[in-house]
Amino acid sequence: MTAQPLLQVDALAAGYFGMPVVRGLSLTVGAGEVVALLGPNGAGKSTTLRAISRLQPAMAGTIRFRDEDITSLKPQAVARKGLVHMSDRRGIFHGLSVEEHFRLGDGGKSLDLGTAFAYFPALEPLRHRRAGLLSGGEQQMLGLARALARRPSVLIVDELSLGLAPVIVEQLLPVVRRYATDSQAGVLLVEQHIHLALEIGDRGLVLSHGDLVLEESAEAMRADRQLIMSSYLGEGPQSGKRSAAAG
Ligand SMILES: Nc1ncnc2c1ncn2[C@@H]1O[C@H](COP(=O)(O)OP(=O)(O)OP(=O)(O)O)[C@@H](O)[C@H]1O
């Protein structure tokens, strides 16, 4: 029997000004599982992530986190429950030191600096440095360390690689993998570096024009580049989708 997924999204629709850009989207993320949400520019990946973490409203569908319907909760409430959304250097304050970012905490509670330094030892010698003086890669490391220090059960990561050299992304993504495995957390990530995402991922989903057109194991996707190429080139859900939402 398959274990209950940590995150279960059913028939989600989300968009702007009353117009959905994502429709009828269903997906699951299980404990210890890393799922890569892929797709061309404008496919609706960030919209999907924001709707799941409640940063924008869902127009239809349900979002269940650890068996609880969170579809109408506020983002702060969802984050407190352990569904943490990390996106492009959000929450980095240039005037604060690295350490102060953890003392700043989460709803008045300090974050676990030990967890942060365990995953990112390179941050420890920088603990008193102001975040504004960190490199782009170090800032992203700080953002990810802060997200992990909240010990999320589900981590949502939007474009860790934005503006960073691939070599930095090659260092950061395996940490996400390690956290998922160590903590049996679920990870849903959007990443432009497809091959890197599939290296650390268990499963890949391809979104095209708001529809899920492919769902496969990361291993199968790595082995058959054509599979991804054809889904990116806009094959419809009927022709490209290989499997239903996995359990
Ligand atoms: N705030 C907004 N207001 C109106 N339309 C938006 C807004 N944000 C995104 N869109 C539109 O919604 C569609 C999906 O955007 P989204 O950012 O979700 O795509 P994406 O797959 O994450 O793209 P990318 O890979 O380029 O970041 C696009 O057509 C985009 O122009």
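Of the 247 residues in the protein chain, 43% are buried. The model is a predicted one. Its secondary structure comes to 10 helices and 10 strands. Take the contacts between residues at least 6 apart in sequence: 70% of them join residues at least 24 apart.

**The nonpolar core**

- The largest nonpolar core holds 69 residues.
- Val176, Val187 and Leu189 have the most contacts inside this core.
- Helix H5, residues 136-149, gives the most to the core, with 7 residues.
- Valine 187 touches Val34, Val35, Leu155, Val157, Val176 and Ala180. That list leaves out residues up to four places away in sequence.
- One of those partners, Val176, is itself among the residues with the most contacts inside the core.

**Helix H5**

- H5 has 14 residues. From its first C-alpha to its last it reaches 20 Å, close to the 20 Å expected at 1.5 Å a residue.
- Of the 14 residues of H5, 11 are buried, so the helix is largely enclosed by the rest of the structure.
- The buried residues include the leucines Leu142, Leu144 and Leu148. Ala145, Ala147 and Ala149 are buried too, as are Met141 and Gly143.
- Glu138, Gln140 and Arg146 complete the buried set of H5.
- Strands S6 (83-87) and S7 (154-158) are part of what covers these buried residues.
- The cover also includes three helices: H3 (98-103), H4 (113-119) and H6 (166-183).

**The four-stranded sheet**

- An open sheet of 4 strands runs in the order S2-S1-S4-S5. Its pairing is antiparallel.
- The edge strands are S2 (19-29) and S5 (68-69). Each of these pairs on one side only.
- Strand S1, residues 7-16, pairs with S2 over 7 bridges, in the antiparallel sense.
- Within that pair, leucine 7 stands opposite valine 29 in S2.
- Helix H1, residues 45-52, packs on the sheet. H1 touches S1, S2 and strand S4 (60-65).
- The direction of H1 makes about 120° with that of S1.

**Points to look for**

Definitions and conventions: Residues are numbered from 1 along each chain as its sequence is written. This is a predicted model: local features need pLDDT of at least 70, side-chain atom pairs count only at pLDDT 80 or more; totals for chains, interfaces and linings use all residues. A nonpolar core is a set of buried Ala, Val, Leu, Ile, Met, Phe, Trp, Tyr and Cys residues joined through C-beta atoms within 7 Å. A residue is buried if 20 or more other C-beta atoms lie within 10 Å of its own, exposed if 12 or fewer, and partly exposed in between; C-beta atoms are placed from the backbone. Helices (H or I, at least four residues) and strands (E, at least two) are DSSP runs, numbered from the N terminus. Two residues are in contact if their C-beta atoms, placed from the backbone, lie within 7 Å. Two strands pair if DSSP finds at least two bridges between them. Axes are lines fitted to C-alpha atoms, for helices over the stretch in contact, and angles run from 0 to 180 degrees between N-to-C directions. The expected span of a helix is 1.5 Å times one less than its number of residues.
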